[in-house]
Amino acid sequence: MQRVATQRKKAAKADQNKRRENNRMAMKQYAVTMSSGKDNETDDVYRNILVDMVFDMIDTNNDGGITNDELVDYLKQEVGVDNSSIRYLFTALDTNADGHVSREELQFAFANYETPALYRAFGLG
């Protein structure tokens, strides 16, 4: 019985890793597409799709908000960023200071902050 449970956990982890890798590849493709110089409306559509994908990868408990711990876990695993940099980034993203980065706050950041720096911060550039 325990063996079956262990096999299921391994299979679930492998499936999660495959989904993350597919998302990573898709996000990089969106990033390349956005930098190709299309019109602003098209860029907005691609940016929103990209932000939604990034948000969904980080919000691991699917509660609609990114906590500092979720951001730390994602950035350490995906990018290798240190804690002090992550805390600074979290504070900048959490514009209403409620302790969670909402999807709208992340979209605002990608639309209004220095985009190349955000792409690098999230492992997309």
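Tyr113 is partly exposed, at a relative accessible area of 34%; buried means under 20%, exposed over 50% and partly exposed in between, using a 1.4 Å probe and protein chains only. The structure is a predicted model, in which local features need pLDDT of at least 70, side-chain atom pairs count only at pLDDT 80 or more, and totals for chains, interfaces and linings use all residues. Residues are numbered from 1 along each chain as its sequence is written, and side-chain values use heavy atoms, leaving out hydrogens and water.

**Confidence**

- The protein chain has a mean pLDDT of 79, and 77% of its residues reach 70 or more; pLDDT is the predictor's confidence in each residue, from 0 to 100.
- Confidence is lowest in helix H1 (residues 2-34), with a mean of 67, and highest in strand E2 (residues 101-102), at 96.
- Helices (H or I, at least four residues) and strands (E, at least two) are DSSP runs, numbered from the N terminus.
- Where pLDDT is low, the predicted coordinates should not be read in detail.

**Aromatic pair**

- The count is 1 aromatic pair, where rings of Phe, Tyr and Trp (its six-membered ring) pair if their centres lie within 6.5 Å.
- The ring centres of Phe108 and Tyr113 are 5.9 Å apart and the planes stand at 90°, so the pair is edge-to-face; planes under 30 degrees apart count as stacked, over 60 as edge-to-face and the rest as tilted.
- Phe108 is partly exposed, at 40% relative accessibility.

**Asp59**

- Asp59 lies in the loop between helix H2 (40-58) and strand E1 (65-66).
- Asp59 is buried but has no salt bridge, and the nearest side chain of opposite charge, Arg103, is 5.6 Å away.
- A salt bridge is a side-chain nitrogen of Lys or Arg within 4 Å of a carboxyl oxygen of Asp or Glu; Lys and Arg count as positive, Asp and Glu as negative, and His and the chain ends are not counted.
- Beyond its neighbours within four places in sequence, Asp59 is in contact (heavy atoms within 4.5 Å) with Gly64, Gly65, Ile66 and Glu70.

**Asp94 and Gly99**

- Asp94 is in the loop between H4 and E2, and Gly99 is in the loop between helix H4 (83-93) and E2.
- Asp94 is buried and has no salt bridge; Arg87, the nearest side chain of opposite charge, is 6.8 Å away.
- Not counting residues up to four places away in sequence, Asp94 touches Gly99, His100, Val101 and Glu105.
- Gly99 is partly exposed, with a relative accessible area of 32%.
- Gly99 and Thr67 are 32 residues apart in sequence and 6.4 Å apart in space, C-alpha to C-alpha.
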